[in-house]
Structure formats: C-alpha cells, structure tokens
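Here is a friendly walk through one chain, to be read with the model open beside you.

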Amino acid sequence: MSGDQSPASAGGAEADWSKGTVIVTSLASDSHTWNLVFLQLLIEECGYRVVNLGPCVPDDLLVAQCHALDPDMVVISSVNGHGYQDGMRVIHQLRALAPLAATPIVIGGKLGTDEDGARRVAELTAAGFDAVFEDAHDPVTAFRGFLSAMQPNERLLETADGVRR
Ligand code: B12
C-alpha cells in the first residue's frame with residue numbers, strides 16, 4: 001500500500017493531491033500489478049492522493065479499506081478476464097456501505113474473455129458502477145475525461161437526501 005507517502009516523500013515536491021483520496025485496487029482473483037501502478041500515476045497526476053491496495057485484494061479487505069478511508073472515488077482494475085464476475089460480486093458489497101452509496105466507483109481493463117463487451121458494460125453499470133472502461137474503447141482517454149468532469153470532493157455537492165446532482 002502506498003497511501004502513507006506524502007507528495008514530498010514520493011519525490012514529487014510540486015505535486016498537488018488536494019482534490020481528494022482515490023482508492024485504486026484490483027480484485028481477489030487478479031495478480032496483475034502494472035495496470036495498478038499505471039492508474040496510480042495517472043490519477044496522482046490529475047491531483048488526487050492515491051491509496052493503491054495492490055493485486056489479489058479480498059472482498060472483505062476492499063470493503064474494510066473503503067470503510068476506513070471513506071474515499072472520494074474507487075477505481076477498480078482487472079485484466080485477467082475475470083473482472084466482470086469479480087466486479088458484479090463486489091459492487092453490491094461496496095454500495096451497501098453507507099458512505100459509499102453515492103461515491104463514484106468505476107471499473108476498467110480487460111474485463112472478460114469474449115467479445116460481448118457491450119453486455120458487460122450494461123450489466124456492470126446497472127449493478128452500480130458509475131462508469132466502465134473496457135480496453136476496446138480507448139479507456140484511458142475516456143477515464144481522463146471522467147476524472148476532469150468530476151468535481152473535487154464531489155460528495156460536498158450531494159443533496160440532503162444523498163442523491164448526486
Ligand atoms: C505481465 C502479465 C502477467 C504477469 C503479471 C505479473 C505482475 N506482477 O503484474 C503474470 C505472469 C503473473 C500473469 C498471469 C496471468 N495472466 Co497475464 N499478462 C501479462 C501481460 C503480458 C502484460 C500485462 C501488463 O503488465 N501490462 C502493462 C499494464 C500497464 O497495462 P495493462 O495491464 O494492459 O492495463 C492497461 C489497460 O488494460 C488499461 N486498464 C487496466 N485497468 C484499467 C482500469 C481503468 C479504470 C481504466 C480506465 C483503464 C484500465 O490501462 C492500462 C494501461 O493502458 C498481459 C498481455 C499484454 N501484453 O497486455 C497478460 C494478460 C493480461 N494475462 C492474461 C492471462 C489470461 C493471465 C493468466 C490467467 C494466465 C494463466 N493461465 O495463468 C494469469 C492470471 C493470474 C491472475 N491470478 O490474475 C491475459 C488476459 C486475457 C483477458 N483478459 O482476456 C493477457 C491479456 C494475455 C493474453 N493476451 O491472453 N500475467
């Protein structure tokens with residue numbers, strides 16, 4: 001986990017991570033690592049502090065970290081082909097956490113092994129993800145757009161009844 005590093009200790013004295021905290025994580029079945037490093041650097045560059053939970057994160061650890069850190073966004077990456085199944089299982093657990101009911105939660109990478117990406121995107125979105133970034137559709141450009149459209153500390157814009165504007 002790299003969340004304890006301040007910009008200065010990470011060697012980026014000029015870094016501005018004031019926009020909030022983002023959890024970057026893989027899911028229980030997935031041991032790939034460089035995707036997570038890539039996402040951490042990209043999101044830090046966009047002004048957020050990143051807590052990178054690393055690969056093979058058990059559901060209960062992810063839920064516990066989300067509960068403890070109350071992040072401004074959760075970014076899930078999976079490239080081993082099981083992302084759809086793992087994502088469908090975990091999103092319900094995350095949305096059930098009161099603080100995360102309206103927090104942006106996205107997933108991306110190589111989420112399945114067949115060509116039926118459109119179905120995966122539709123089902124993951126219906127299950128509770130705010131956005132799904134599959135490799136077939138230039139996910140990094142789309143994700144950069146999503147990040148720049150997100151307001152810093154978006155939760156401050158929530159209405160009293162918890163519905164995001
Ligand atoms: C290195 C590697 C491994 C290493 C990982 C080592 C490590 N510590 O990371 C090892 C040998 C362990 C491994 C194992 C396996 N691997 Co592997 N692996 C790769 C490989 C060669 C490179 C992955 C990599 O590091 N890329 C560099 C990073 C920076 O890029 P990336 O992962 O592609 O992520 C990019 C995008 O996907 C996207 N992205 C990813 N996540 C997200 C999330 C969001 C929100 C957004 C916006 C974008 C995004 O952005 C990233 C940058 O462009 C790829 C093939 C390839 N050339 O890509 C296969 C590959 C990912 N592996 C694959 C498979 C099948 C496996 C195994 C199941 C093989 C096996 N039978 O055992 C196991 C699974 C292990 C597990 N439990 O997860 C498949 C997955 C197939 C699929 N999804 O359809 C691939 C694609 C190879 C292939 N062509 O078949 N692998």
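## Terms and ground rules

Angles under 35 degrees count as roughly parallel, over 145 as roughly antiparallel, 65 to 115 as roughly perpendicular and the rest as oblique. Axes are lines fitted to C-alpha atoms, for helices over the stretch in contact, and the angles run from 0 to 180 degrees between N-to-C directions.

Please keep in mind that this is a predicted model, in which local features need pLDDT of at least 70 and side-chain atom pairs count only at pLDDT 80 or more, while totals for chains, interfaces and linings use all residues. Residues are numbered from 1 along each chain as its sequence is written.

## The chain as a whole

The chain has five helices and five strands. Here helices (H or I, at least four residues) and strands (E, at least two) are DSSP runs, numbered from the N terminus. Read from the N terminus, the order is β-α-β-α-β-α-β-α-β-α.

Of the 165 residues, 32% are buried. A residue is buried if 20 or more other C-beta atoms lie within 10 Å of its own, exposed if 12 or fewer, and partly exposed in between, with C-beta atoms placed from the backbone. Among contacts with a separation of 6 or more, 75% join residues 24 or more positions apart; two residues are in contact if their C-beta atoms, placed from the backbone, lie within 7 Å.

## α3 against α4

Helix α3 (residues 83–95) packs on helix α4 (residues 117–127) at an angle of about 15°, and their axes are 9 Å apart. The two helices are therefore roughly parallel to each other. Their crossing is left-handed, meaning that the near helix is turned anticlockwise from the far one by less than a right angle, whereas clockwise would be right-handed.

On the α3 side, the contact uses Tyr-84, Gly-87, Met-88 and Ile-91, and α4 supplies Arg-120, Glu-123, Leu-124 and Ala-127. By class this gives five nonpolar, one polar and two charged residues. For this count, Ala, Val, Leu, Ile, Met, Phe, Trp, Tyr, Cys and Pro are nonpolar, Asp, Glu, Lys and Arg are charged, and the others, Gly among them, are polar.

## α2 against α3

Helix α2 (residues 59–69) and α3 cross at roughly 30°, with axes that come within 10 Å. This pair is therefore roughly parallel, and its crossing is right-handed. Asp-59, Leu-62, Val-63 and Cys-66 of α2 meet Arg-89, Val-90, Gln-93 and Leu-94 of α3. The contact of α2 with α3 divides into five nonpolar, one polar and two charged residues.

Ser-77 lies in strand β3 (residues 73–78) and is buried, with 26 other C-beta atoms within 10 Å. Leu-36 is 41 residues away from Ser-77 in sequence, yet their C-alpha atoms are 6.9 Å apart. Ile-76, also in strand β3, is buried with 30 other C-beta atoms within 10 Å. Beyond four places in sequence, Ile-76 contacts Thr-25, Leu-27, Gly-87, Val-106 and Ile-107.

The largest nonpolar core has 32 residues, of which Val-22, Ile-23, Val-24, Val-74 and Val-75 touch the most other members. Such a core is a set of buried Ala, Val, Leu, Ile, Met, Phe, Trp, Tyr and Cys residues joined through C-beta atoms within 7 Å.
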